[in-house]
Amino acid sequence: MKWTALLAVAAFLLAVGSASAAPKAIKGTVVAKRAHIIVLTTGRKGLAVKVRVAPRRVRLGDRVSVVGKRLRNGTIRASRLHVLSHVKKARIRGMVVKRLAHAVRVASGHSVLTIHTRSAHAASRHDGEEKGELGEFEVEFEHGDLVEDDFTPVSPAGTVEIEGVLVSVSPLVVSLEGLPIEITVPSGMTLPPLTPGQEVELFVQAGAGNTFTLVSIGKADNEDENEVEAKGTVTSSTTSQITIDAGGARR
Amino acid sequence: MGYQLPVIATGTFVEARGVTINGVLTLTRLKIEDDDGGGGDG
């Protein structure tokens, strides 16, 4: 396998009409599927977003474009969904909330996802990710499961973006899929008007002992993610443009 | 924009990544897949 890495290079020929016409399209990879709900991991950050959809044929690993309305609980109700391509791997950024023998439960956005590990974790051993650890998981889709391929921890001193529902303002508590996280507001910092129940997006500084200090907070908006991934056969190629047939969508 | 893509034979299986900026899909990474499958050890 050889890689040709090209930085901001040339244009794909885009023949998916809806992609350019969708002002609030969210693009992401399906990482979980429940009745009427799919969970997408979006953008380079790999944050999870829940989408309410009519029952249809989406598989784990499908790269989709969704247009819809964000509901109060943070879920997006899709009015349109297009499958763009299918990928084998995805990135999920989140925090380990539970460690199981063969899996970890990871909170990302409003969702808690189960990521299977290739080897068993012994509770007494310190291999694998620890509860409370933040990082970026690279996962592979295997037989309807997410299987951990790689994990890059985020430095405990690093700033992390989280999305959740505001539980209370003082103390500042945000719920990630029912998991309350208390965030310290530095003295002198003035919070914008916030209402419990609203969806918020925060940057927090993660410290030792799973403490979080607020860096910034804002109302969560629909993301307009632009990242696209496709696999397919080349149908034409020049020095400035390449066209790929990605199975139904030419790009 | 200053870079030239390698010309790839029609029918080659590739994996491509890109970003859309102002409606233009710009290639950021292109991976040419071999035919022999491989173990996929990533």
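**Talking through the model**

A: Let me begin with one strand pairing: A:H116 stands opposite A:V147, a residue of β12 in chain A. Please keep in mind throughout that this is a predicted model.

Q: Which other residue stands opposite one in β12(A)?
A: A:I115 does, and its counterpart in β12(A) is A:L146. The strands concerned are β10 (residues 111–116) and β12 (residues 145–153) of chain A, which pair in the parallel sense over two bridges.

Q: And how does β9 pair with β10?
A: Strand β9 of chain A, residues 103–108, runs antiparallel to β10(A), and six bridges join the two. One of the bridge pairs is A:S108 with A:S111. The two strands form a hairpin with two residues between them, and A:G109 in that turn has a positive phi of about 60°.

Q: What do the five strands close into?
A: They close into a barrel in chain A, in the order β8-β9-β10-β12-β11, with mixed pairing. Ignoring direction, neighbouring strands of this sheet are turned by 55° against each other on average.

Q: Switching to the inside: how many residues are in the largest nonpolar core?
A: That core has 51 residues, and those with the most contacts inside it are A:V31, A:L40, A:A48, A:I92, A:V106 and A:L113. Domain 1 (90–153) and domain 2 (159–219) of chain A both contribute residues, so the core lies between them.

Q: What is A:V106 in contact with, leaving aside its neighbours within four places in sequence?
A: Its contacts include A:I92, A:G94, A:M95, A:V96 and A:V97, and also A:V112, A:L113, A:I115 and A:F137.

Q: There's a lysine I was wondering about, A:K27: buried or exposed?
A: A:K27 counts as buried, because it has 23 C-beta neighbours inside 10 Å, where 20 or more is the cut-off. A:K27 lies in strand β3 of chain A, which covers residues 26–34.

Q: Which strands does β3(A) pair with?
A: One partner is β6 of chain A (residues 62–70), which pairs with β3(A) in the antiparallel sense over four bridges, and A:G28 has A:V64 of β6(A) as its bridge partner. Another is β4 of chain A (residues 37–42), also antiparallel to β3(A) and joined to it by six bridges, with A:A32 and A:V39 as bridge partners. The hairpin of β3(A) and β4(A) has two residues between the strands, and A:H36 takes a positive phi near 65° there.

Q: Where else is phi positive in a residue other than glycine?
A: A:H143 is a case, with phi near 50°. Most residues other than glycine have a negative phi, and most peptide bonds are trans. A:H143 sits in the loop between β11 (134–142) and β12 of chain A, and it counts as exposed because it has 7 C-beta neighbours inside 10 Å.

Q: Which peptide bond is cis?
A: The bond from A:S170 to A:P171 is cis, with omega near 0°, and A:P171 belongs to the loop between β13 (159–168) and β14 (172–176) of chain A.

Q: Stepping back, how many helices and strands are in each chain?
A: Chain A comes to one helix and 19 strands, while chain B has zero helices and two strands. Of the 251 residues in chain A, 33% are buried; of the 42 residues in chain B, 14% count as buried. Among the chain A contacts with a separation of 6 or more, 54% come from residues 24 or more positions apart.

Q: What about confidence, and where does pLDDT stay under 50?
A: The mean pLDDT of chain A is 75, and 75% of its residues reach 70 or more; chain B averages 67, with 60% of its residues scoring at least 70. In chain A, pLDDT stays under 50 over residues 1–23, for which the model has 55 contacts beyond four places in sequence, and also over residues 122–126, which have zero such contacts. In chain B, pLDDT stays under 50 over residues 36–42, with two contacts beyond four places in sequence.

Q: And what are the ipTM and pTM scores?
A: The model scores ipTM 0.79 and pTM 0.49.

Notes:
Residues numbered from 1 in each chain as written. Chains lettered and ligands numbered in written order. Predicted model: local features only at pLDDT ≥ 70, side-chain atom pairs only at ≥ 80, totals over all residues. Buried ≥ 20, exposed ≤ 12 C-beta atoms within 10 Å, placed from the backbone. Contact = placed C-beta atoms within 7 Å. Core = buried A, V, L, I, M, F, W, Y, C linked by C-beta atoms within 7 Å. Domains from an automatic or database assignment. Pairing = 2+ DSSP bridges. Axes fitted to C-alpha atoms, helices over the stretch in contact; angles between N-to-C directions. pLDDT = per-residue confidence, 0-100.
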